[in-house]
There are 2 protein chains.
Amino acid sequence: MKLLFVGFGTVGQGLAELLAEKEDAIFKEYGLEFTVVGISDMLKGSVYNPEGIDLQQALRMLSSGDSISGLSDVAFEEDALSMIQQADADVVLELTYTDLKTGEPATEHIRTALGRGMHVVTSNKGPIALHYNRLQSLAEDKGLKLLFEGTVMSGTPLLNLIRRSLAGSVITEMRGILNGTTNYILTRMEEGMTYEAALKRAQELGYAEAVPDADVLGWDALAKVTILANVVFGQSLKPFDNPCKGITDITAEDIASARQRGKRYKLIGRVWRQGDKVKASVSPEQVDLNHPLANVPGATNALTISTDTLGDITIVGPGAGRRETGYSLLIDLLHVGGRV
Amino acid sequence: MKLLFVGFGTVGQGLAELLAEKEDAIFKEYGLEFTVVGISDMLKGSVYNPEGIDLQQALRMLSSGDSISGLSDVAFEEDALSMIQQADADVVLELTYTDLKTGEPATEHIRTALGRGMHVVTSNKGPIALHYNRLQSLAEDKGLKLLFEGTVMSGTPLLNLIRRSLAGSVITEMRGILNGTTNYILTRMEEGMTYEAALKRAQELGYAEAVPDADVLGWDALAKVTILANVVFGQSLKPFDNPCKGITDITAEDIASARQRGKRYKLIGRVWRQGDKVKASVSPEQVDLNHPLANVPGATNALTISTDTLGDITIVGPGAGRRETGYSLLIDLLHVGGRV
């Protein structure tokens, strides 16, 4: 299976490391071989080689601070879109940055890849939150797969669980902790830190960005509930159509007072059926300490899925991480290969 | 798809109710139609009709206390094994009682069904805990499916999650709450009940049997960890080869003293790799209150799966129930049909 990496930051490198590490095991267990024919990254350079790129060497060059354009004599001078337009690959991995307002340039990358008959695997929330229905129709028309396990709860196989393992169930509600940064901040605040100190610590650890709005105002969680609404409930919601409140107004006093009532503040993303309608929202909620969502600490994510067959199922797992998000792409590749 | 029910107690009836309820939705979504051609139950009667049995009518007769042998003029006078030997069906649902010592008569039922070219779906822990490897080899030789999602955590799709959604991961350990009855008793004891009172309440609610040994001595959890060891780790362990300790020695004082140290007693089933070996055990453990397993109340089950790709993933869901275990069989049938 010939792969094209569009974007080669943390997530792309996480996948590359897993592919190198698990090459033999995947061939043995699933009969699949992966050849990376191209990598295009705005900052780290671009390279195209139909014979295959040595991933280990690419990773070594990056860790020495070198551009991968110097990898063999096959540097590629044009941009990512040009590479997608010219490459001979089976799957395009769309791993550029998330833009929740426009979904670009990722959406154009995906549309072009599908248009040229290539499957797409992505962890980019922008195109899926904003344009899932159109992109999925295009993929279906072409008989192609568009997979994006990593967009919600990173590598925790939530979308797989819903699509396959809960088949035949009717889902009535999903609610959970979908943003690790805010959960980390709330956890530290409960231990006594101020909001400002907890945010600063999250920034030092690389959980939060210098401008932390996408996390602390709830937009990241909002993108994820929108993806769940559109993918699981067949809606065509846009992220900013839904009510969204972040954690910036929560004080240490709020947290202490909730705790006295046996509750804990969590930023909860929620999607639910209300009559014929589907609603989505993000807001801080006081969760009962006995609920599985209450005990989800730090940067971990969790989702409770209410079904007509099993009542509530909760899945708890990582919501971020280089290797974890890399794994979400690997499992999507195994699905594209028809092996699981 | 022609189905034969062997055993028509709570779980069989739970599946029958789901099949009747979801008939149209399953046909619409998955293109599958189910026809029940036979039901054999030691207590509730037996009926065989190649044209199909009216499930709704069978359920109505049972709820009026009638034997289903009176269903139309096709009563079947012989035993379950004879029906398996004579029936023309695609799938045998083995739903008789669990015997953890011998695995019979279920193992003979399954062997006969596979021998005659029929797939098998079961929620019976006996044959899977004792004879999984032999039965699975037989199924593979014949190109048949042997599925048993309901044997561990009831309808909570744990085995599906591991097989499909964690594909490509190496699992190093699984540990969790696999018996709802003991978890219910421990939960009530923490609220102040004595062991005896909590057990009595569990018996009144139908969670515990009159002779509660299989639950309170840990044997039920032991069967489940053995299934996980053999199915997920490819072992051939027998249940009673592994160390097993139940909850009968735990006192209210133990629970209170654990609580003071920020811990909570849970009966933990555990399977883990130790060098080249795989170990399994059941015993009460003091779980840190911040761990997802600590907050699993009442009859709910949960399992934490440690992987090389994602770290820990925890799934929390029902561990028993008529509809829930019925659903485990439905999802296995959808898999047999190749639809998910």
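Contact here means heavy atoms within 4.5 Å. The model described below is predicted.

## Symmetry of the two chains

Chain B superposes on chain A by a rotation of 180° with 0.0 Å of shift along the axis, at an RMSD of 0.0 Å. That is the relation of a two-fold axis. The C-alpha of B:Ile315 is the one in chain B nearest the axis, 2.3 Å from it. Of the interface residues of chain B, 100% are also interface residues in chain A, so the copies meet through the same surface.

The largest nonpolar core holds 212 residues. Those that touch the most other members are A:Phe5, A:Ile185, B:Phe5, B:Ile39 and B:Ile185.

Which residues is B:Phe5 in contact with, leaving aside its neighbours within four places in sequence? They are B:Gly12, B:Leu15, B:Ala16, B:Leu19, B:Val36, B:Gly38, B:Ile39, B:Ser40, B:Leu93 and B:Leu95.

Strand 1 of chain B spans residues 2-6. Of its 5 residues, 4 are buried, so the strand is largely enclosed by the rest of the structure. The chain passes from strand 1 of chain B through helix 1 (residues 10-30) to strand 2 of chain B, and this β-α-β crossover is right-handed.

Strand 1 of chain B pairs with strand 2 (residues 35-41) of chain B in the parallel sense, over 5 bridges. Strand 1 of chain B also runs parallel to strand 4 (residues 91-94) of chain B, joined by 4 bridges. B:Leu3 has a residue opposite in each of these strands: B:Val36 in strand 2 of chain B, and B:Val91 in strand 4 of chain B. B:Val6 has B:Glu94 as its bridge partner in strand 4 of chain B.

These pairings belong to an open sheet of 6 strands in chain B, in the order 3-2-1-4-5-6 and with mixed pairing. Its edges are strand 3 (45-48) and strand 6 (146-147) of chain B, each of which pairs on one side only.

## From strand 6 to helix 6

B:Thr156 is found in the loop between strand 6 and helix 6 of chain B. Is B:Thr156 buried or exposed? Its relative accessibility is 0%, and the cut-off for buried is under 20%, so B:Thr156 counts as buried.

Leaving aside neighbours within four places in sequence, B:Thr156 is in contact with residues of both chains. From chain A these are A:Leu310 and A:Ile313. From chain B they are B:Glu149, B:Ile315, B:Gly317 and B:Pro318. B:Thr156 and B:Ala320 are 164 residues apart in sequence, yet 9.2 Å apart in space, C-alpha to C-alpha.

Helix 6 of chain B covers residues 158-165. With 6 of its 8 residues buried, it is largely enclosed by the rest of the structure. The buried residues are B:Leu158, B:Leu159, B:Asn160, B:Leu161, B:Ile162 and B:Ser165.

## An aromatic pair

Over all chains, a search of the whole structure finds 10 aromatic pairs. One of them joins A:Tyr132 and A:Phe148: the ring centres are 5.6 Å apart and the planes stand at 75°, so the pair is edge-to-face. A:Tyr132 lies in helix 5 (residues 125-141) of chain A, and A:Phe148 in the loop between strand 6 (146-147) and helix 6 (158-165) of chain A. The pair therefore ties together parts that are 16 residues apart in sequence. Both A:Tyr132 and A:Phe148 are buried.

## Backbone exceptions

Most residues other than glycine have a negative phi, and most peptide bonds are trans. The table lists departures from that pattern.

| Site | Backbone value |
|---|---|
| A:Glu104 to A:Pro105 | cis, omega near 0° |
| B:Glu104 to B:Pro105 | cis, omega near 0° |
| A:Ser154 | positive phi, about 50° |
| B:Ser154 | positive phi, about 50° |

A:Pro105 sits in the loop between strand 4 (91-94) and helix 4 (106-115) of chain A. B:Pro105 lies in the loop between strand 4 and helix 4 (106-115) of chain B.

A:Ser154 is placed in the loop between strand 6 and helix 6 of chain A. It is buried, with a relative accessible area of 3%. B:Ser154 is in the loop between strand 6 and helix 6 of chain B. B:Ser154 is buried, with a relative accessible area of 3%.

Terms used:
Residues numbered from 1 in each chain as written. Chains lettered and ligands numbered in written order. Predicted model: local features only at pLDDT ≥ 70, side-chain atom pairs only at ≥ 80, totals over all residues. Heavy atoms only, no water. Core = buried A, V, L, I, M, F, W, Y, C linked by side-chain atoms within 4.5 Å. Buried < 20%, exposed > 50% of the residue type's maximum accessible area, 1.4 Å probe, protein only. Least-squares fit on C-alpha atoms with pLDDT ≥ 70 in both. Helix = DSSP H or I, 4+ residues; strand = E, 2+ residues; numbered from the N terminus. Pairing = 2+ DSSP bridges. Right-handed = clockwise from strand over helix to strand, strands pointing away. Phe/Tyr/Trp six-rings, centres within 6.5 Å; stacked < 30°, edge-to-face > 60°.
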